[in-house]
Amino acid sequence: MRHTISVLVTNEFGVLSRISGLFSGRGFNIESLSVAETLDHRISRMTIVTSGDDKVLEQINKQLNKLINVIKVHDFTDEEHIERELALIKVTSNGDTRAEILSIVDIFRAKVVDVSPRSYTVEITGDEEKIGAITELFRPFGIKEIVKTGRIAMARTPKQK
Amino acid sequence: MKKNGAQVFLECLLKEGVDTIFGFPGGAVLPVYDALFDSPLRHILVRHEQGAVHMADGYARATGRPGVVLVTSGPGATNTVTGIATAYMDSIPLVVFTGQVPTALIGNDAFQEADIVGITRPCTKHNYLVKDIKDLQRIIKEAFYIAMTGRPGPVLVDLPKDVLTAPCELKYPDKVELDSYQPNYKGHPGQIKKAIDFILSSKRPVVYAGGGVILANAADELKAFSTRLGIPTTTTLMGLGGFPGTHPLFMGMLGMHGTYCANMAVMNTDCLIAIGARFDDRVTGKIDEFAPYAGIVHVDIDPTSISKNVRVDIPIVGDVKNVLKDLLKAISAQGAKDFKGNTKEWHSQIDSWNSTHALSYKNDPKGKIKPQYVVEKLYELTKGDAIITTEVGQNQMWAAQFFKYDRPRTFISSGGLGTMGFGFPAAIGAQIAFPDKTVIDIAGDGSLQMNIQELATAVQYKLPVKVAILNNMVLGMVRQWQEFFYNKRYSHTCISVAPDFVKLAEAYGAAGLRAKTPGEVEGVIKEALSIKGKPVLMDFRVDPAEDVYPMVPAGQPLNKMLLV
Ligand SMILES: Cc1cc2nc3c(=O)[nH]c(=O)nc-3n(C[C@H](O)[C@H](O)[C@H](O)COP(=O)(O)OP(=O)(O)OC[C@H]3O[C@@H](n4cnc5c(N)ncnc54)[C@H](O)[C@@H]3O)c2cc1C
Ligand SMILES: Cc1ncc(C[n+]2csc(CCOP(=O)(O)OP(=O)(O)O)c2C)c(N)n1
């Protein structure tokens with residue numbers, strides 16, 4: 001099963017390689033990884049998408065916690081949370097297809113961020129499904145390039161009773 | 001006058017209580033070597049950096065204090081890697097200081113530059129590159145703290161030359177502030193209660209104790225626990241000495257070359273109490289069939305050890321010493337009246353396993369020397385009062401089987417990595433820690449040659465270390481696998497082209513003795529034990545065909561033992 005894990009780490013050089021080394025050294029998967037500073041500049045957050053059975057996930061969690069630079073590990077799997085990734089998609093366009101592409105962009109509330117005579121570059125944020133869906137719709141026009149960030153996630157604030 | 005980084009570094013070591021460092025100089029650490037000239041710190045000059053790390057490791061295992069190493073950048077640093085990985089696998093506290101090229105040159109393929117922090121990341125508990133003199137003292141403090149606390153392990157600190165020469169004032173911190181590292185020492189009371197209830201309801205309990213007992217200095221507590229309830233006890237290779245080897249409850253080591261009794265007990269127990277042990281594959285054999293009838297209680301300070309290989313029913317994360325004390329308290333509080341009665345039948349079963357297939361070998365007083373006989377004689381003639389280190393292979397297993405270890409920190413062996421060449425430098429480290437003790441490396445002729453150069457170190461410091469070479473002229477353990485599992489195709493395991501160890505010893509200024517027949521063994525050992533002020537190599541020409549029994553072939557369950 002897939003898991004999105006947030007890892008708070010001290011913001012020092014070499015920490016990323018400790019984490020990625022742990023995953024590769026122990027044969028754990030990384031499907032995506034994104035890193036950025038938190039509000040406290042001494043701390044970074046890594047969001048890691050990984051997969052494995054319960055036993056593997058238990059080890060991932062424990063092994064991450066064991067690293068000296070890791071402050072906190074949180075698995076979002078069993079709770080309400082928001083996941084987002086961002087993609088830039090360069091899609092082939094010409095006089096005949098422009099309108100159709102723009103209407104897809106509109107429906108998905110994406111944005112055109114660059115235009116050339118033969119292409120649009122579209123920026124879209126959303127969960128994996130949404131990005132997958134727009135990619136499928138663009139595919140028939142010809143996708144020249146696609147760049148995606150790793151996934152980031154945040155827990156939903158529990159609803160007031 | 002202001003001091004420099006190198007001088008302050010040495011003062012920090014003194015503040016940390018370090019009395020000895022093991023090292024080898026070079027360009028990048030020259031500032032430290034210059035400062036050493038005026039320092040009260042004892043420095044042991046080795047002949048190869050791998051030797052320095054194993055010595056520091058032997059020192060740490062014998063004393064419980066951290067071993068400290070100092071080497072130069074580049075090749076000096078890379079030579080330490082096997083030693084560091086050895087300590088890492090066995091959870092031994094070391095602090096290894098490596099020189100590094102000046103910060104401005106890092107990343108430039110500078111002369112003798114190696115990214116040792118990158119190289120050792122997966123085989124250290126943690127490591128550091130000191131980029132700024134203002135971080136030096138904090139990092140040293142943290143390095144010792146991390147090495148010694150929680151599950152111990154090696155920590156490496158890389159010291160660029162400009163940091164060592166930078167002006168600096170001694171301000172060694174008294175404590176560390178590491179929010180992200182808080183080992184848990186106290187077992188959870190609820191889990192302890194559950195464990196006790198389960199243990200007291202069992203009929204066929206076994207204690208399976210490991211290196212964690214020794215690391216936690218908890219041998220007395222373990223003995224109190226096992227004897228309070230009368231639970232048959234086995235240890236891993238790393239746990240030898242953690243429970244008295246001559247105690248009636250001791251079943252010997254378990255695992256691939258464990259005793260028949262210990263392995264049968266584990267395969268039939270209904271309650272396996274694992275204490276500071278990590279269910280290594282050399283111990284479990286075929287994992288799906290390990291301890292099939294047992295509920296498992298597991299005490300370990302490292303959560304990653306728990307349920308890593310084997311499902312655990314009652315995990316207790318905490319320090320072995322604390323948890324055993326709490327377990328004992330709980331037993332006193334609730335009493336264990338019926339327990340001994342309930343386990344009576346189990347004890348007679350254990351006794352019968354113990355007697356049917358006790359460890360043995362076929363001695364032949366007129367024939368070749370049996371290696372097991374040499375180990376037995378070493379035990380007899382030292383009365384067990386010695387620190388034994390081992391190399392790796394058959395010698396190691398015979399040392400584990402035929403010598404009885406009554407006290408912790410008297411059996412020192414590379415278990416996890418199985419590093420040939422470990423035993424001799426480790427013996428030197430132990431001898432430096434305990435100059436008046438008998439320290440013996442039980443060695444294979446192959447392994448010994450991997451760090452034989454340290455003979456010069458032992459001679460230089462007048463150390464009476466003994467090396468008992470079980471000289472079979474083969475890479476015995478590998479030869480044994482070829483015999484059992486590769487149709488006796490002895491590919492590249494004959495090492496009969498070897499030095500004359502007696503002459504070699506003499507060439508170094510050490511003593512060399514040889515025994516070719518069983519009748520000579522005792523005399524050689526007695527003479528070796530009487531030699532003071534220099535190392536002794538004993539060359540025992542043993543039967544090259546001898547194999548280690550019992551043996552559980554890799555991947556088989558523990559009750560499928562090949563017996564003598
Ligand atoms: C040729 C060869 C053959 C071998 N054959 C065998 C064999 O037959 N039988 C055998 O047993 N081994 C054998 N070994 C050794 C084996 O490879 C392992 O090294 C060994 O079994 C591990 O021992 P352990 O489980 O006690 O773990 P260790 O490596 O000693 O680990 C200690 C455990 O205790 C924990 N711990 C540390 N400090 C504390 C504390 N303060 N409180 C609580 N927990 C703590 C650690 O987290 C860790 O989980 C062999 C090795 C070689 C090279
Ligand atoms: C550095 C290293 N290389 C290779 C091995 C694989 N190995 C394990 S035991 C062994 C043979 C050891 O021979 P020797 O030291 O003569 O001991 P014996 O088994 O004969 O007692 C070898 C090669 C190892 N453990 N360590």
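1. A salt bridge, as the term is used in this note, is a side-chain nitrogen of Lys or Arg within 4 Å of a carboxyl oxygen of Asp or Glu. The structure discussed here is a predicted model. One pair that meets the criterion joins the two chains: A:Lys66 and B:Asp302 form a salt bridge, and their closest N and O atoms are 2.6 Å apart. Across the interface of chain A and chain B, the rule finds 1 salt bridge.

2. The interface may next be considered as a whole. On one side, 16 residues of chain A are in contact with 19 residues of chain B. The size of an interface is often given as the accessible area lost when the parts come together. For chain A and chain B the buried area is about 1,500 Å², with 53% of it on carbon and sulfur atoms. Three residues, A:Phe13, A:Arg18 and A:Ile68, account for 44% of the area that chain A buries against chain B, more than any other three residues.

3. Polar contacts also cross this interface. The rule finds 9 residue pairs in polar contact between chain A and chain B, with both residues at pLDDT 80 or more. On the side of chain A that touches chain B, at least two residues each are supplied by helix H1 (15-25), helix H2 (54-66) and strand S4 (70-75) of chain A. H2(A) provides the largest share of that side, 6 residues. Sorted by class, the side of chain A that touches chain B holds 5 nonpolar, 5 polar and 6 charged residues.

4. The architecture of chain A can be stated briefly. Its secondary structure comes to 4 helices and 9 strands, and from the N terminus on the elements run β-α-β-β-α-β-β-α-β-β-α-β-β. The C-alpha atoms of chain A fill a box of roughly 55 × 45 × 35 Å along the principal axes. Of the 161 residues in chain A, 39% count as buried. Among contacts in chain A between residues at least 6 apart in sequence, 73% join residues at least 24 apart.

5. What links helix H4 of chain A to strand S1 of chain A? Side chains of opposite charge can pair when their charged atoms come close. A salt bridge joins A:Glu128 and A:Arg2, at 2.8 Å from N to O. This pair connects distant parts of the chain: A:Glu128 belongs to helix H4 (residues 128-138) and A:Arg2 to strand S1 (residues 2-10), 126 residues apart. A:Arg2 and A:Glu128 are linked with A:Glu31, A:Glu83, A:Glu85 and A:Arg151 in a network of salt bridges.

6. In one, B:Asp313 is joined to B:Arg311, with the closest N and O atoms 3.0 Å apart. B:Asp313 is partly exposed at a relative accessible area of 45%, and B:Arg311 is partly exposed at 47%.

7. In the other, the side chains of B:Glu380 and B:Lys377 meet at 3.1 Å, N to O. Both residues lie in helix H17 (residues 371-382) of chain B, 3 residues apart, about one turn of the helix. Is B:Lys377 buried or exposed? With a relative accessibility of 10%, B:Lys377 counts as buried, because the buried class covers values under 20%. B:Glu380, by contrast, is partly exposed, with a relative accessible area of 46%.

8. Ligand 1 has 35 residues around it, of which B:Gly211, B:Thr236, B:Arg278, B:Asp300 and B:Asp319 come nearest. Backbone atoms of chain B approach this ligand as well. A polar backbone atom of B:Met256 is 3.1 Å from an oxygen atom of ligand 1, and a backbone N or O atom of B:His257 lies 2.8 Å from an oxygen atom of ligand 1. For B:Ile301, a backbone N or O atom lies 3.1 Å from a nitrogen atom of ligand 1.

9. Ligand 2 has 17 residues around it, and B:Gln394, B:Gly418, B:Ser447, B:Gly476 and B:Met477 come nearest. Two side chains figure among its polar contacts: a polar side-chain atom of B:Asn395 lies 2.9 Å from an oxygen atom of ligand 2, and a side-chain N or O atom of B:Asp445 is 3.2 Å from an oxygen atom of ligand 2. B:Val474 contributes a polar backbone atom, 3.1 Å from an oxygen atom of ligand 2.

Methods. Residues are numbered from 1 along each chain as its sequence is written. Chains are lettered from A and ligands numbered from 1 in the order in which they are written. This is a predicted model: local features need pLDDT of at least 70, side-chain atom pairs count only at pLDDT 80 or more; totals for chains, interfaces and linings use all residues. Side-chain values use heavy atoms; hydrogens and water are left out. Contact means heavy atoms within 4.5 Å. Buried area is the accessible area (1.4 Å probe) that two parts lose on being put together, summed over both. A polar contact is a pair of N or O atoms within 3.5 Å; within protein, one must be able to donate a hydrogen and the other to accept it, and residues adjacent in sequence count only if both atoms are side-chain atoms. Ala, Val, Leu, Ile, Met, Phe, Trp, Tyr, Cys and Pro count as nonpolar, Asp, Glu, Lys and Arg as charged, and the others, Gly among them, as polar. Buried means under 20% relative accessible area, exposed over 50%, partly exposed in between (1.4 Å probe, protein chains only). A residue is near a molecule or strand if one of its heavy atoms lies within 4 Å of it.
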